[in-house]
Amino acid sequence: MWNEVVERDPWNRYAYVEMLDYLSPDECGSHLQWMEFIEMVRARTPPDAPTAGLELTAVVRRYVKLLQGGGVQALFSHSAWAQPWEAAALEQAFRLCLSPGFLQRASALADLNTLAYALVEAERFSEATAVFQALGGVVTSWPWSTSGDAVQRYTKAAERARRRQAA
């Protein structure tokens, strides 16, 4: 089935995100299957493909799961951004979003919203401010709605990034 999807539309972002969810330990997969899929996508994906943001999406989904789990994991969730895999995914996504032609693909706004969310959570405010400027106020439901109203969370995060960058 997956081969048919890729044959029909090799860079269908929605299909890749659905497969990412399916292979997660929360659904029908395992952490190993999930990581292997991300590695496979990273190795095969051109930087301008609609699926280029899949790794960052995976990182943010894992982070949100930590937050929603509560307890000690949620308390120390911010340290996740200092982990090598998360930090590398965030850095690569930031470099990619500033590259020429990035905003020409339909999934760019979803990827930019995911990146802005991650940068604010990682307290990388100057970079977050640049991404918010590129977004021009366009909000996607995910990841902003993971803990409240998407527009309110986006607006609050953008203001926080601007204030912290200015400080």
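The following legends describe close-up views of a predicted model.

**Figure 1. Packing of helix H3 against helix H4 in the predicted model.** Helix H3 spans residues 31-44 and helix H4 spans residues 54-69. Their axes come within 9 Å and cross at roughly 155°. Because angles over 145 degrees count as roughly antiparallel, H3 is roughly antiparallel to H4. On the H3 side, the contact is made by His31, Trp34, Phe37, Ile38, Val41 and Arg42. H4 contributes Leu54, Glu55, Ala58 and Arg62. By class, these contact residues comprise 6 nonpolar, 1 polar and 3 charged.

**Figure 2. The largest cavity and its lining.** The structure holds 2 cavities of 30 Å³ or more. The lining residues of the largest cavity divide into 7 nonpolar, 1 polar and 1 charged.

**Figure 3. The second largest cavity and its lining.** A volume of about 50 Å³ is computed for the second largest cavity. The residues that line this cavity are Ala52, Gly53, Glu55, Leu56, Ala89, Gln92, Ala93 and Leu96. The elements giving two or more residues to the lining are H4 and H6. H6 supplies the largest share, 4 residues. In terms of class, the lining of the second largest cavity has 5 nonpolar, 2 polar and 1 charged residues.

**Figure 4. The aromatic pair of Tyr63 and Trp81.** The count of aromatic pairs in the model comes to 9. One of them is formed by Tyr63 and Trp81, with a distance of 4.8 Å centre to centre. The angle between the ring planes is 50°, and the pair is tilted. Tyr63 belongs to helix H4, whereas Trp81 lies in the loop between helix H5 (71-75) and H6. The two residues are 18 residues apart, and their pairing links distant parts of the chain.

Note on methods. Residues are numbered from 1 along each chain as its sequence is written. This is a predicted model: local features need pLDDT of at least 70, side-chain atom pairs count only at pLDDT 80 or more; totals for chains, interfaces and linings use all residues. Side-chain values use heavy atoms; hydrogens and water are left out. Axes are lines fitted to C-alpha atoms, for helices over the stretch in contact, and angles run from 0 to 180 degrees between N-to-C directions. Angles under 35 degrees count as roughly parallel, over 145 as roughly antiparallel, 65 to 115 as roughly perpendicular and the rest as oblique. Contact means heavy atoms within 4.5 Å. Ala, Val, Leu, Ile, Met, Phe, Trp, Tyr, Cys and Pro count as nonpolar, Asp, Glu, Lys and Arg as charged, and the others, Gly among them, as polar. On a 1 Å grid over the protein atoms alone, a cavity is a set of points where a 1.4 Å probe fits but cannot get out, and a pocket is an open set with protein on both sides within 12 Å along at least five of seven lines; lining residues have an atom within 4 Å of a point. Grid points are joined across faces, edges and corners, and a volume is the space filled by probe spheres set on the points. Rings of Phe, Tyr and Trp (its six-membered ring) pair if their centres lie within 6.5 Å; planes under 30 degrees apart count as stacked, over 60 as edge-to-face and the rest as tilted.
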